[in-house]
Amino acid sequence: MSDTTSRALALLNLLQTHRHWPGGELAARLGVTERTVRRDVDRLRELGYRVESTPGSAGGYRLEAGSALPPLLLTDDEAVTMAIGLRVAATQQLSGGADLTLTALAKLEQVLPPALRQRVHALAASIQTTPGMGVAITVSPAVLGELALATRDTERLRLRYVDAEGRESIRRVEPHALAPAGRKWFVLCWDLDRDDWRTFRVDRIESVEHTRVLFSRHEISAEEVDELIAVAASWTPQKVEADAVMELPLAEVQAQFGPWAQGATAENAGHTRWPFGGADWREAMYGMLWIPEGVEYTTTFPQPERAALREALGRMLRALDAPAPRDPQSSADALGYPRQHT
């Protein structure tokens with residue numbers, strides 16, 4: 001392979017790994033001049049790749065979608081990851097059904113070298129979907145793809161979003177993380193109009209508009225991301241729903257509960273109403289255990305789950321007040337019986 005061809009392929013690989021590249025940075029990565037980069041860009045355009053260039057100090061190059069799909073360059077690890085992802089996607093509820101993912105998987109595996117194909121089969125054999133999770137929420141692969149690109153490239157977006165009550169709004173966001181949770185997909189964003197983190201269900205995003213405006217990421221830890229996604233995934237109607245009115249101001253509840261204070265409202269200056277729930281009375285009771293020690297509260301815990309909780313708590317209190325059960329081995333020692341060894 002000639003140096004010119006190798007360099008053009010290296011340039012293509014860089015353009016595929018990031019949405020926007022300054023010309024000087026591309027030249028430095030490839031070890032050539034910016035003039036050579038311009039010539040290599042022209043070669044890629046002749047091969048059908050649509051490379052857009054923008055002038056100026058903040059200008060550079062970006063790979064745009066064309067009228068036809070040009071060849072893609074994948075590393076070994078990327079090819080294996082994509083094949084595994086397609087296998088998993090074939091079992092999920094992507095719009096278009098499993099046929100699209102299976103045909104794409106067949107095309108990819110057809111050109112994989114034998115060693116990589118063996119890796120795919122070995123890894124796929126270890127993938128197991130969790131039983132009893134029900135049917136996944138249908139999401140658009142196109143929307144998922146656009147969100148993934150913008151998250152990778154730190155590009156601001158405009159989302160047309162429909163909330164649980166059917167209200168539509170335009171949200172200006174900086175996407176930070178895209179993740180599945182349970183049977184849904186969520187995207188964590190910095191909401192520019194709320195000046196705070198917001199998590200959106202991907203299946204409720206009607207459209208994605210790219211702004212081509214880049215942003216600097218806000219500081220947030222991986223643990224905080226996981227917690228915000230977990231809160232969003234749990235924020236769905238539960239079989240058992242209740243409220244607790246705590247003798248705490250709203251600001252203190254928000255400070256102590258963090259993201260889990262979502263939905264809390266002030267009853268008055270010194271009391272806060274906090275919604276909680278669960279699949280059954282046991283899960284709902286666990287939510288009540290989050291209320292800080294020493295804080296008095298009342299609850300709207302519903303019937304008949306309220307009666308079941310009262311009965312369980314009564315047995316617990318009786319068990320705690322009763323004398324501890326004697327150790328059978330200690331009783332044997334007191335009677336002079338020999339210990340039995342195994």
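Trainee: Where in the protein is confidence lowest, and where is it highest?
Mentor: In this predicted model, confidence is lowest in helix H12 (residues 328-334), at a mean of 60, and highest in strand S11 (residues 297-299), at 95; the score is pLDDT, the predictor's confidence in each residue, from 0 to 100. Helices (H or I, at least four residues) and strands (E, at least two) are DSSP runs, numbered from the N terminus.

Trainee: What is the mean pLDDT of the protein?
Mentor: The mean is 80, and 78% of the residues reach 70 or more. Local features need pLDDT of at least 70 and side-chain atom pairs count only at 80 or more, while totals for chains, interfaces and linings use all residues. Residues are numbered from 1 along each chain as its sequence is written, and side-chain values use heavy atoms, with hydrogens and water left out.

Trainee: New topic: at what angle do H1 and H3 cross?
Mentor: The axes of H1 (residues 3-17) and H3 (residues 34-46), which are lines fitted to C-alpha atoms over the stretch in contact, with angles from 0 to 180 degrees between N-to-C directions, come within 10 Å and cross at roughly 85°. The two helices are therefore roughly perpendicular, a label for angles of 65 to 115 degrees.

Trainee: Which residues of H1 make that contact?
Mentor: With contact meaning heavy atoms within 4.5 Å, H1 contributes Thr4, Arg7, Ala8, Leu11, Leu12 and Leu15.

Technical notes. Angles under 35 degrees count as roughly parallel, over 145 as roughly antiparallel, 65 to 115 as roughly perpendicular and the rest as oblique.
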